[in-house]
Amino acid sequence: MGILKSIFSLRLAFSSVERSGEDVDIILARLKSVKAFEKFHPALLQQICLCGFYECLEKGITLYRQGDIGTNWYTVLSGSLDVKVSETANHQDAVTICTLGIGTAFGESILDNTPRHATIVTREFSELLRIEQKDFRSLWENYRRCMAGLLVPPYGVMESGPNTDSKKQSFIIKQFYKWFMSVSQVPSEKILRASKVLRNTILSRAPHIIRDRKYHLKTYRQCCMGTELVDWLMQHTSCVHSRVQAVGMWQVLLEEGVLNHVDQELSFQDKYLFYRFLEDESEDAPLPTEEEKKESDEELQDTLLLLSQIGPDAHLRMILSKQPGQRTVDDLEIIYEELMHIKALSHLSTTVKRELAGVLIFESHAKAGTVLFNQGEEGTSWYIILKGSVNVVIYGKGVVCTLHEGDDFGKLALVNDAPRAAVDKEDFNRVLRDVEANTVRLKEHEEDVLVLEKTNNRGSTSSPLKYTVMSGTPEKILEHLLETTKLDSQFTESDPALDDFLLMHCVFVPNSQLCPLLMPSQGSEQERMDYSLNNKRRVIHLVLQWAAINTDHLQEEDSSFHFLQEFYETVCEDSRLIPALKDQLPELEKIINPSPSFQHKVLLRQFSTGNDRLQKKQPIKSTDEILFKVYCSDHTYSTIRVPVSASVREVIAAVTDKLGSGDDLLLIHLNSAGDKELLKPSDVSIFSSLSINGRLFVCPRDQIDSLTPLPEQEGPSAGSMSTFELMSSKDLAHQMTLYDWELFDCVHEHELIYHTFGRQHFKKTTANLDLFLRRFNEVQLWVVTEVCLCPTLSKRVQLLKKFIKIAAHCKEFKNLNSFFAIIMGLGNPAVCRLSQTWEKLPSKFKKFYGEFENLMDPSRNHRAYRLTVAKLEPPIIPFMPLLIKDMTFTHEGNKTFTDRLVNFEKMRMIANTVRIMRYCRSQPFNQEAPQATGKSHQDVRSYVRHISVIDNQRTLSQLSHRLEPRRT
């Protein structure tokens, strides 16, 4: 290799007239391996071979300085070079902002003799290909289109006329950003193709968009207007939900240099600004042929889908690249939304996050191995990783840990391909100082009892300031919320803060403690008359809202129900003195009259089989009872009758009583794979949280190892395709959605809170939520089971098509829970490894499946899914595991109590997630059943409610390998 290199460098050392055909061939062979030249036309490479020169430089050599007038253009053949920029004339102030590696090209300012935008210094021994200015200009004139992907035209000269220093500096920053984007990456093949498809389609369908335009007596050739491009996108795809999203999609093309602003602006804007496609930079750009138009039409939706997925990231980078003072209110809102899902910031208040949105700065380091801080140096910035990873290295110990997306650091880091957002130390300290300055603290006995945050109330002219509860004692928080409740005669608008309190109070003040706080205070008759009317109306409003949120849960608790009765009697008595309170009595009377349906019921079997599934689901209450089989080690069983929310301790007591055993028994959850889980005595609501084919066993400790699964736990031995292949895919999806909606509609809002904070702390059931989550797993395993039990290749292909169709209809019905379950089932290792089956799947279905997979992309906190849901109207069946993940993320990242005060900011964030579920159910599900084809609706209904699955991944994997053995 060393001999070949020396021969190559020797040939490049010759002047162009001295190079023979053999010399050119040797140079050409080497250049073809350089990434920057891999797409160049052979004729252009031949010319570069004739006019290029070889240079080798030792480490630390300055190639040229910022502000110099250039004379050469360069490409890195080996080694690397640092790019340094200084905001002053002193080169010692320069900071390294990126590193150029093999295949990058730089120095295009020689086209118009503009000063160099940066200082370039070799980082190590480096080999460069150098082309002199006159030769490079000649190449550019002759091969402009071919080289355009490497450069970012136009290279416009700085506008003439008087400019302030700040304008010059701004121009240099913009020029450098453009230059950096050009040298750091050649446009990807996908984005180049996307640009071509969009241009061809616009020229085919709306040719008036790309035309010569005049502005201030100047003609801009073959340009598009920003607003027209956004309008066009909005009209041509359903995956664009807003103009902001469309801006992000065009920003992708702008970043990669395939779309350019005529005056080299850094960001795409939805304004009367001109942009030009890369192909139109050439004066003789050809129009697309009929064949190219047809191809572009076919690829358009795929192209728009691709851009819609990567557009939000580009838009965020664009916003973070702006100077903080130039960010709009909408920009700050977009950054704030991003910060809401960053783990490192989860403990910060909403106000701090909003302030941080104004000072974050974007950084990108494309080269792995870039050192950001050295051990021992004082940190001046705080960093959050948006994408990539960071190795933390300690001298003498090496890499001690790796930080990933969402983590933060501020002292030392070794960066691996990690774009980051950075906050200057002074900015961060200022944000914290400003927040503290706007904090109001109410003290009693020298201790904080209520902490409020003062913010501008933009929505109100009468009250310019708003005080938001940050933390406090339960009593003071309640007192503050009552005092600030607006006395609208109808209470038409619910106060979000009051709703937060009523949703979340079970975490920090249970009903048994809340009820006494709501009883009217006693005093003299005159005092009561002076104070009562307004305050009592507020309390009554709060009680009505509290009862509406808790529904039947209040009637399950004797203390709460007795409180409601006593409260009603008190209001009746007060209404004699204050007649205005009589209006509230009918509503209170409705609450204290128990619902006729409120009675104990016995739930049979295991929430998984039986005719009960064919009946419309009714919410399961903590006081409901269940008949349940608990097995012994010899597979005999006892049927016990206990409350649904019974603890493990109570279940063991019931079994012991049945068996008449004096042994110390343990309760075990045994799944179909034979895995055993010893349940804790304090665990509650265990019946609904078992695995799909899981069973409960009871035995002494010395018999645990001898427990074996029941034969019935293995699941089916044959698939049911012969049954459901006769059913319409749309009808299957509809019946699945009806059943999922019944399960979803039974989930009480508080069950999400119990699940997040630990149901054992509340001694309440989460059975409805458990069954809904269980349904997700059941549908997912149904897909895998049916595919793995189908022995015929052609039938398996039909199965894949069937499931993709069902998923599409579930999405159409806004049943995102089953939609995700089916797609995840198809992505199970036992299914996705069946290459012979997937190869025979028609390309149309592969395309649909690819689009569905993209919706499941977990990157940037499931951004693709969230964007899709944002445009849907209720009723919606959401992807419940993601809601659970969001609540868990908030819970684990924030303390429930800070300095013995309730962290109400945490309560507010969790309540916001719970309200997503409320929004999804704000409209009833009234979708009409599709016309029955093949099987009747009743047959389909029965089938989807009695799915039988194999839930042992090991068994599924073995079945898969029997169908298609591993290729050697």
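Two strands are taken to pair if DSSP finds at least two bridges between them, strands (E, at least two residues) and helices (H or I, at least four) being DSSP runs numbered from the N terminus. The model examined here is predicted, and local features need pLDDT of at least 70, side-chain atom pairs count only at pLDDT 80 or more, and totals for chains, interfaces and linings use all residues. Residues are numbered from 1 along each chain as its sequence is written, and side-chain values use heavy atoms, with hydrogens and water left out.

An open sheet is formed by four strands in the order 1-8-3-6, with antiparallel pairing. Strand 1 runs antiparallel to strand 8 (residues 126-132), to which it is joined by five bridges. Within this pair, Cys56 stands opposite Glu127 of strand 8.

Helix 4 (residues 133-142) lies across strand 3 (72-78) and strand 8, at about 75° to strand 8; axes are lines fitted to C-alpha atoms, for helices over the stretch in contact (heavy atoms within 4.5 Å), and angles run from 0 to 180 degrees between N-to-C directions. Gln133, Asp135, Phe136, Leu139 and Trp140 of helix 4 are buried, that is, under 20% relative accessible area (1.4 Å probe, protein chains only). These buried residues fall within an arc of 160° seen down the axis of helix 4, the arc being that of the directions from the helix axis to the C-beta atoms, and they therefore line one face of the helix. Lys134, Glu141 and Asn142, on the other side of helix 4, are exposed (over 50%).

In helix 27 (residues 816-826), 10 of the 11 residues are buried, so this helix is largely enclosed by the rest of the structure. Among them are Phe819, Phe820 and Ile822.
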